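Dear colleague,

I am passing the structure below to you, and after it I have set out what was found. Please read the notes with the model open beside them.

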Amino acid sequence: MKFVVKHVGQSGRLGCLSGVDKRLGEIFETPLLTMYTRGGSVPHITHEVLQMITKENLLLQMPLTTLMSAYSSIESFGKGLSEFVGLKEYPCYVTPQDPATETPTGYNVSNKVAVWTRNGKRTVDPVKYMNMIEEMRPDMYLALCDGDTDSGSSKKRITKSVQRTLNLFRECYRHHQESKVLINAALLAPIEGGYDLHARRVFSEEMAQYDVAGYVLDGLHTNGAEAEKIKFDTIEPVIKECLKCLPKEKLRVAHGAWNPCTLIKLVAAGFDMFDTSLPYLSTERGKALVFPYDQNMITPNTGPNSVKNTDHYEISLEDSIYAEDFKPVLQNCACLTCKQHTRAYIHHLLKSQELLGRVLIMIHNLHHYLEFFKSIRRAILNDSLDSLCFLVQTQDHDS
Amino acid sequence: MSGKAPPALSYRVLGTCSTSKARVGVMSLPHHDVDTPVFMPVGTKGTIKGLLPQQLEALNCQIILGNTYHLGTKPGIDILKKAGGLHKFMSWPRALLTDSGGFQMVSLLELAEITEEGVKFKSPYDGSECMLTPEHSTEIQNAIGADIMMQLDDVVHSTTTGPRVEEAMHRTTRWLDRCLKAHSRDHDQTIFPIVQGGLNPSLREQSALQHIERDTRAYAIGGLSGGESKDDFWRMVHLSTDLLPKDKPRYCMGVGFAEDLVVCCALGVDMYDCVFPTRTARFGCALLDEGQINLRCVAFEKDFRPIDSECSCTTCERYTRAYLHSIVTNETVACQLVSVHNIAFQLRLMQRIRASIMEDTFPTFVRSFMKCRFPDSSYPKWIVEALSAVSIVLE
Ligand SMILES: [Zn+2]
Ligand SMILES: [Zn+2]
């Protein structure tokens, strides 16, 4: 897989990822939204429905935590992960941890990383990890790492995270270099160091010396909904420090359920790849994303004090105010859910604990985020990321 | 366009089996034409197991069921009225059938009590005393607006005997009259009377004859599939279809196991419904001609075949048993995928039945189906007897 920067705007940059093994000639435009999956499927979305959301090719982000229970099946299947999960047309990208689920902290030991599967804790060392990667044959993967740090981590924890990750990475890297199976797979290196600028610089400088396809900015949060609360200001110094030391032509990835505003600022800072954790988490809590990403969008009132409140980018369809609301989730939204169904129906489905409720919200949320990313790419070209960011924070008052 | 609007239900027989009572027909309803014999998936609360209306259409599903009791409590009749009926509320363009709500009430609410006026029950929400009368059931179903509605009937457990069965049978007829009188949308909704009479042949006969007198557009056979012996079950169906007019559709309520469907088609039943195929999908049970498999079983961990290699549903086209095994009961996607297959299985079974009747090879189909389902020819006695009653002999 190859990444090329095509255009550097006043802020942010456009590029493309190409040479994906499974679909020769396929090109993904960056900033790219990868599709978060659980157990190999987009949550609530079968292949049949995925086709109704978008016919575009998608890069599937597959957390090992959600797949490891099925590893013996994957191994004996022998044709790689994408085909095993019934999505062979889609390239896949494996990460050790799950960006949408909070990772229990404090369980990593020396050269073993805790991987929390649905059957509990498993520990994975680099040899085991690389063997699994070879069997899964992803198009892209992140090396094993100890990213168990956040803004509250002690210096001692950061030091451990850094030292262990360096060792884990070196072993994965050596294995990757020797592997014949992984010749076309892109290896991404983790960047650790918590919120310690010095540690970040040292780590980034070290990683800059390896021949990898890109870097994943790790260790800023421990995954799950906590990431949503992160304001860009708090991570800005860390990001600047890391990017300063890393080669500019390589892919830069930031996983997690960033709120839309922080995400735009990450794009502006030069990040190229994200995932759909936020649309997923939003769906799980029965909420639909309604923030505007286009000047012409009329978005609903998301509740009291919604003006410029970055937390209010969604509406809660379980709220009884929607029980008799026969409007679509979002006016003028072209998604399948909005074209055909009402807030009242989705409200009813959620209240009745019917599966279709979350299916319909997920369809809308994924569509919304995919369109949001198109808007981000346009804004980079027009040097208007600032006004997009302002727009995302604005709420019109129309219900 | 001028002239009279077509009736809310018209039925045409397209072909009959020259051996048994099986027949193929088309039932034209305001929202869709339905090929019979038909299996109708159950969408209790205005949805079926996470499937989009588009997916049901792609499965060639022509009619689905909604449950009046559930819909009446959530979202409630007011909202359904404001939405313009259930079709619009759930965005389902094809045909719908609703039950009367009575059966659900009697089976779900412990304190339901049946009087001449209706079904008396305590509200599960505020404990207040409520009454579902035939008029009320009809009014609710008129608001829901399904193509087919069911009369409120006096439900007794299928194994009940004695005077209670006779009382219920006569009351069901009186309630039918009240439903028909209260019905306000006869131009676009059809009420099905329900033949009752428990397992008593003479009561069944009386019930059927009383309903036939009312000259409705179709008939249902009720009070079965509730734990009675299969021997009693088929005899009651057989007796009912002998009496009911040949030019009108017959609906046997609550039937959905593959062998029951095949036998009842032979006995001349045209419509079926059952929660089983979709309910069982949630627990990872997939349906096959040979029976069912539980995808949770470790045996499927390395089974890279589709659920059914004969099946062309979107699940079998793409997903393996091993993959389904890895996500079953953990990811909702598994429930949707198995539901798609199970509905496809039921509909394909009906399609195969219809095709064989049209080619007049239905007895051959029945024999090969039963052979596949009971490979060592250990056919249950009731199946052998029921089929031989309509001249189909299993070797
Ligand atoms: Zn939408
Ligand atoms: Zn199938």
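This is a predicted model: local features need pLDDT of at least 70, side-chain atom pairs count only at pLDDT 80 or more; totals for chains, interfaces and linings use all residues.

The interface of chain B and chain A holds three salt bridges by the rule used, while the count over all chains comes to 49.

**The interface as a whole**

The contact draws 38 residues from chain B and 43 residues from chain A. The size of an interface is often given as the accessible area lost when the parts come together. For chain B and chain A the buried area is about 3600 Å², and carbon and sulfur atoms give 56% of that area.

As for polar contacts, the rule finds 20 residue pairs across the interface of chain B and chain A, with both residues at pLDDT 80 or more. On the side of chain B that touches chain A, at least two residues each come from α1 (53-58), α2 (68-83), α3 (86-90), α11 (321-327) and α12 (332-358) of chain B. Of these, α12(B) gives the most, with six residues. By residue class, the side of chain B that touches chain A divides into 18 nonpolar, 12 polar and eight charged residues.

**The two zinc sites**

In chain B, the zinc ion (ligand 2) is coordinated by the SG atoms of Cys311(B), Cys313(B) and Cys316(B) and by ND1 of His341(B), at 2.1 to 2.3 Å. The angles among the four donor atoms run from 98 to 122°, and the site of the zinc ion (ligand 2) is tetrahedral. Along the chain, its donors follow the spacing C-x1-C-x2-C-x24-H. Cys311(B) lies in the loop between β17 (291-294) and α11 of chain B, whereas His341(B) lies in helix α12 of chain B, so the pair ties together parts that are 30 residues apart in sequence.

In chain A, the protein donors of the zinc ion (ligand 1) are Cys333(A), Cys335(A) and Cys338(A), each through SG, and His364(A) through ND1, lying 2.1 to 2.3 Å from the ion. The four donor atoms around the zinc ion (ligand 1) subtend angles of 104 to 115°, and the arrangement is therefore tetrahedral. The spacing of the donors of the zinc ion (ligand 1) is C-x1-C-x2-C-x25-H. Here too distant parts of the chain are linked, with Cys338(A) in helix α10 (residues 336-340) of chain A and His364(A) in helix α12 (residues 355-381) of chain A, 26 residues apart.

**Backbone points to check in chain B**

The peptide bond from Thr36(B) to Pro37(B) is cis, with omega near 0°, and Pro37(B) is placed in the loop between β3 (33-36) and β4 (38-41) of chain B. A cis peptide bond also joins Lys74(B) and Pro75(B), where omega is about 5°, and Pro75(B) lies in helix α2 of chain B. Finally, Ser91(B), a residue other than glycine, has a positive phi, near 60°, and Ser91(B) is found in the loop between α3 and β6 (95-98) of chain B.

With best wishes

Technical notes: Residues are numbered from 1 along each chain as its sequence is written. Chains are lettered from A and ligands numbered from 1 in the order in which they are written. Side-chain values use heavy atoms; hydrogens and water are left out. Contact means heavy atoms within 4.5 Å. Buried area is the accessible area (1.4 Å probe) that two parts lose on being put together, summed over both. A salt bridge is a side-chain nitrogen of Lys or Arg within 4 Å of a carboxyl oxygen of Asp or Glu. A polar contact is a pair of N or O atoms within 3.5 Å; within protein, one must be able to donate a hydrogen and the other to accept it, and residues adjacent in sequence count only if both atoms are side-chain atoms. Helices (H or I, at least four residues) and strands (E, at least two) are DSSP runs, numbered from the N terminus. Ala, Val, Leu, Ile, Met, Phe, Trp, Tyr, Cys and Pro count as nonpolar, Asp, Glu, Lys and Arg as charged, and the others, Gly among them, as polar. Donors are N, O and S atoms within 2.8 Å of the metal (3.2 Å for Na, K and Ca); water is not among the atoms, so sites may look incomplete. Four donors count as tetrahedral if all angles lie between 85 and 135 degrees; four count as square planar and six as octahedral if opposite donors are over 155 degrees apart and all others between 65 and 115; anything else is irregular.
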